[in-house]
Amino acid sequence: MRRREAFKPERLEDRATNAFLEESLRRLRGSGTGALLARGSLAAFTVKSAGIGLALLPQLILTRLMGASRYGVYVVALNWVWVLVVFGKLGQDTSRVRFLSSCQSLGDWGAFRGLLRWSAATVLAVSCLLGLGLALTVQIAGARIPEELGRALLAGGALLPVLTLTALNASALQAVKKVAASDTPRLAGHGALALLAAGAIFAPGFDFSPAAVMGLTFASNFLALGLGLVLLRRSLPSQALSAAPVYHPHAWLGLGLAMLAVNGQFLILNRIDILMLKFFVPDATVGVYGIAVRLAAAVPFGLDAISMIAAPLVAQLYAEKRTVELRRVVHLAVSWSALLSSAIFLALVIGGKIWLGVFGPEFPGGYVPLVILCTGQLFNALTGPSGLLLTMTGLERKLAVLIGLALPANALLNWLLIPPLGAAGAALATCTVTVGWNTVAVILIRRKLRLWCVFGLSGRTPREAENGI
């Protein structure tokens, strides 16, 4: 009798656990917005988790083979290429996410196919022109650009169209809610770069100069582009493949140009610290800071993963005026991103010097900038997908103005803080501006959409928030 009484609570607990698991699985398999967000986010988490390691693996190999100084030159050149990639895209990556999602919802397959064709052709032409312009600029500048940097930029001109088209394919996959597939080519590119860099060790006479490594980066991303094209072809709805294309270039280009202002300024906002460091500190310091930036970028991991599926959902729900479900998506996105990002933040702050030391003996010197950058990224995660919400709900112009104000503020702070504080000053400037623009974005969303996009408040209804409940 005693044995049965002692064993009974355990059996009840097992039943409760099994019931909870069965209910969780039932909800996950459902067709509601929460279930769709959960399934997409789980896929994105899986891909992003692998992506963190794959993104850092080639950098680990390259820093060991190049040293901090040469790696710093490579980082500066690659950042300039990424700035030009934003202009090459003409904002069509955002146009694809927003318009392809709405076209699929409305069954407008002609416009769906037309946007795919028009945006790809337009972006390819513009990015090729920008690549040629970069090469011509380096040639004209001559000795005014350091030789190693100039050669790396020349190689980067060829890389530019490849990166642009890869990003465009990812946005189309994201729009049709193929979240895992949208990030797979980028991850494959990281893996290919690691393999090419490791293989180049055994190539006779191979010099790991910034230009040579940029060539390896081109080869790895070219493979990623091919994979992205295959995945996109297999993921498109059959109706889109058979429909006659219909073109609305004015609408697509109008949103694209508005988002070009946002994305261009936003990318420069996130990279201006590295670009300005080049003028004040040695290349080795830039290299160390570049690794700190990459590690800190892992903090909003949850936000990045959730945003991949949340972006088309937000666009669709807002277009269909399904306000309750939109608020639920925002609440889930903010909550999940905050919890995951907090865990990563603690791991990097506690073990930051160990993580930095993996890249080489010079890199633990970037611990202070790492902590400062992680703090800014944590605040970014706690305020959820604020920029995405403004973009996907027709408020992209307000976001453009906001980022337009943040960019000169960031440049000014970098100019003031880098000379006395070095890399820590650049990190402090970036952290300050990140906190500032995210705070203003939360206020804009609250006023325009009647939503709270901040951890701890996102679950409140507008009436509850107004009454302070």
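This report walks through a predicted model of a protein, from its overall make-up down to single residues.

**Ground rules**

Since this is a predicted model, local features need pLDDT of at least 70 and side-chain atom pairs count only at pLDDT 80 or more, while totals for chains, interfaces and linings use all residues. Residues are numbered from 1 along each chain as its sequence is written, and side-chain values use heavy atoms, with hydrogens and water left out.

**The big picture**

Let's start with the overall build. The protein has 17 helices and 0 strands. Both are DSSP runs numbered from the N terminus: helices are H or I with at least four residues, and strands are E with at least two. Of the 469 residues, 51% count as buried. Here, buried means under 20% relative accessible area, exposed means over 50%, and partly exposed is in between (1.4 Å probe, protein chains only).

How much accessible surface does the protein have? It comes to about 21100 Å², and 66% of that belongs to carbon and sulfur atoms. Such areas come from the Shrake-Rupley method with a 1.4 Å probe; for residues, only the protein chains shown count as cover.

Now for contacts, meaning heavy atoms within 4.5 Å. Among the contacts with a separation of 6 or more, 82% are between residues 24 or more positions apart.

**Salt bridges**

Side chains of opposite charge can pair when their charged atoms come close. A salt bridge is a side-chain nitrogen of Lys or Arg within 4 Å of a carboxyl oxygen of Asp or Glu. By this rule, there are 5 salt bridges. Three of them are in the table.

| Pair | Closest N to O distance |
|---|---|
| Glu 148 and Arg 70 | 3.1 Å |
| Asp 207 and Arg 70 | 2.8 Å |

Take Glu 148 and Arg 70, which pair in a salt bridge. They link distant parts of the chain, 78 residues apart: Glu 148 is in helix H5 (residues 147-175) and Arg 70 is in helix H2. Asp 207 also forms a salt bridge with Arg 70. That pair spans 137 residues, with Asp 207 in the loop between helix H6 (179-200) and H7. Salt bridges that share partners join Arg 70, Glu 148 and Asp 207 into one network.

Are these residues buried or partly exposed? Glu 148 counts as partly exposed because its relative accessibility is 32%. Arg 70, at 25%, is partly exposed too, and so is Asp 207, at 40%.

**Rings**

Rings of Phe, Tyr and Trp (its six-membered ring) pair if their centres lie within 6.5 Å; planes under 30 degrees apart count as stacked, over 60 as edge-to-face and the rest as tilted. A search of the whole structure finds 6 such aromatic pairs. One of them is Phe 359 with Phe 363, a tilted pair with 6.3 Å centre to centre and 55° between the planes. Phe 359 and Phe 363 are both buried.

A ring can also have a charge over it, which here means NZ of Lys or CZ of Arg within 6 Å of the ring centre and within 35 degrees of the ring normal. What sits over the ring of Tyr 367? It is the charged end of Lys 353, 5.6 Å from the ring centre.

Gly 352 is part of helix H12 (residues 323-357). It counts as buried because its relative accessibility is 0%. Beyond its neighbours within four places in sequence, Gly 352 touches Ala 347, Tyr 367 and Leu 370. Gly 352 and Leu 370 are 18 residues apart along the chain, with 7.4 Å between their C-alpha atoms.

Asn 221 sits in helix H7 (residues 210-235). At 16% relative accessibility, Asn 221 is buried. Leaving out neighbours within four places, its contacts are Leu 159, Val 162, Leu 163 and Thr 166.

Leu 90 lies in the loop between helix H2 (33-89) and helix H3 (92-106). Most residues other than glycine have a negative phi. Leu 90, though not a glycine, has a positive phi of about 55°. Leu 90 is buried, at 13% relative accessible area.

**Out on the surface**

Phe 279, Phe 280, Leu 412, Trp 415 and Leu 416 form a nonpolar surface patch, with about 590 Å² of accessible area together. Patches are made of residues with over 30% relative accessible area and no salt bridge; like charges are joined within 9 Å, and nonpolar side chains (Val, Leu, Ile, Met, Phe, Trp, Tyr) within 5 Å. Trp 415 belongs to helix H15 (residues 396-421), and counts as exposed because its relative accessibility is 52%.
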